[in-house]
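Subject: Structure handover

Hi,

Here is the structure I promised to pass on. Please open it alongside this email, and my notes follow below.

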Amino acid sequence: MSIKTSGLHHVTAIGGDPQRNADFYLRTLGLRLVKTTVNFDDPGTYHLYYGDQSGKPGTLMTFFPWRDAPSGRLGTGQATTTAFSVPADSIGWWKDHLAEAGVTTGRIANREGEDVLTFRDPDGLQLALVAHPQGDPRGPWDNGHVPADHAIRGLHSVTLSVAKEDATAEMFGDLGLTFSSQDSNRLRFTAGEGGPGAMVDVLVTPDAPRGLVAAGTVHHVAWRAPDEESQAAWREELVDRGVNVTSILDRQYFRSIYFREPGGTLLEIATDQPGFAVDEPLLELGRALKLPPWLEPDREQIERALPKLDIPGENNR
């Protein structure tokens, strides 16, 4: 294809209680809440965006938190691990920090020359912290809960579980990713110049059950498009190749198209612009409930339906 992604834009997962979700990602992981809005397709639930200071593409983890959502099941046809990038000498600090927060972690492993620490969020979502030996040039968000020297820099990679890899690998090639390495049944693909925020691992598990997307699982994985023109061209090429792609959807902070890779995972291509400061100042990101223009007439009804969410101002200074 003529259009090539430069890396991950965001990962969206399904959570449970929104307050518990916010407390974990703000306080335990030290991310910034860059937007408090609603699921545009189901305005009765929040859509919470966490990232760096300004919510740059490649730093974003977002959630649809439903308090009574049933638990999902990890398996093929979904993204099964979301990894964040941390400084090379910070894995030991994070293991101690998570233990103090009551979070059980796995042993520190080394994979592809990177130190990897795995754990789960309060809803069972499988996460990892990865220390890339070459470092990560992205700046930290210093919110007082995690020291800047150890803070998460953004997304590192995602892992997709598939029963067969051939068709998935072919589609990643179509999206401009290149195969870079293989470790047993784990294949790594990189976008652009590679490095943290531009990698996806494909884990081939033919005997695993099919996954169920619900609370504690990833809903979709989004890749970056630089602008709307590139996105439109990309969509046209995908359609020409027989891929079932949605129309271009206005997500207020970016434009999106959605489709499934052959293994079953829902993918998105999202534009870098206009970004999260389009409807509130940078210093105030995430503090107020923001709605798109077409939902503003229903604000009172929406606010009554949403559970109370306490986001201390110090988390967004």
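How far apart are the end C-alpha atoms of residues 7-132, and what share of the span is helix and what share strand? The ends lie 16 Å apart, and the span is 17% helix and 45% strand. Please keep in mind that this is a predicted model.

**The annotated spans**

That stretch comes from the UniProt record. The entry, which is unreviewed, places the feature "domain: VOC" at residues 7-132 and 154-272. Residues 154-272 are 18% helix and 41% strand. Their end C-alpha atoms are 15 Å apart.

**The nonpolar cores**

In soluble globular proteins, nonpolar side chains tend to be buried together. Here the largest nonpolar core has 68 residues. Which of them touch the most other members? They are Leu 29, Leu 129 and Phe 172. Leaving out residues up to four places away in sequence, Phe 172 touches Leu 160, Leu 177, Phe 189, Val 200, Val 202, Trp 223 and Leu 267. Another core, of nine residues, lies apart from the largest one. Its members include Val 34, Tyr 49, Leu 60 and Ala 270.

**Pocket and cavity**

The largest pocket has a volume of about 410 Å³. It is lined by 30 residues. Closest to the pocket centre are Lys 56, Pro 57, Gly 58, Arg 138 and Arg 224. By class, the pocket lining has 13 nonpolar, 11 polar and six charged residues.

How many cavities of 30 Å³ or more does the structure hold? It holds one. The largest cavity contains about 30 Å³ of space. Its lining is Leu 31, Gly 51, Asp 52, Thr 59, Ile 152, Arg 153 and Gly 154. Sorted by class, that gives two nonpolar, three polar and two charged residues.

**Backbone details**

Two residues other than glycine have a positive phi, and each sits in a loop between strands. Glu 112 has phi near 55 degrees. Its loop runs between β6 (109-111) and β7 (114-120). Gln 252 has phi near 70 degrees. Its loop runs between β14 (249-250) and β15 (255-260).

Is Gln 252 buried or exposed? Gln 252 is buried, because its relative accessible area of 16% is under the 20% cut-off. Glu 112 has a relative accessible area of 35%, so it counts as partly exposed.

There is also a cis peptide bond to look at. It runs from Gln 273 to Pro 274, with omega near 10 degrees. Pro 274 is in the loop between β16 (266-271) and α5 (299-305).

**An exposed loop residue**

Last, look at Asp 68. It is in the loop between β4 (60-65) and β5 (78-86). Why does Asp 68 count as exposed? Its relative accessibility is 75%, and exposed means over 50%. Gly 15 is 53 residues from Asp 68 along the chain. The C-alpha atoms of Asp 68 and Gly 15 are separated by 9.5 Å.

Best wishes

Technical notes. Residues numbered from 1 in each chain as written. Predicted model: local features only at pLDDT ≥ 70, side-chain atom pairs only at ≥ 80, totals over all residues. Heavy atoms only, no water. UniProt positions renumbered as here; feature names shortened; annotations may be inferred. Helix = DSSP H or I, 4+ residues; strand = E, 2+ residues; numbered from the N terminus. Buried < 20%, exposed > 50% of the residue type's maximum accessible area, 1.4 Å probe, protein only. Core = buried A, V, L, I, M, F, W, Y, C linked by side-chain atoms within 4.5 Å. Contact = heavy atoms within 4.5 Å. 1 Å grid on protein atoms, 1.4 Å probe; cavity = no way out; pocket = protein on both sides within 12 Å on 5 of 7 lines; lining within 4 Å. Points joined across faces, edges and corners; volume = space filled by probe spheres on them. Nonpolar A, V, L, I, M, F, W, Y, C, P; charged D, E, K, R; others polar.
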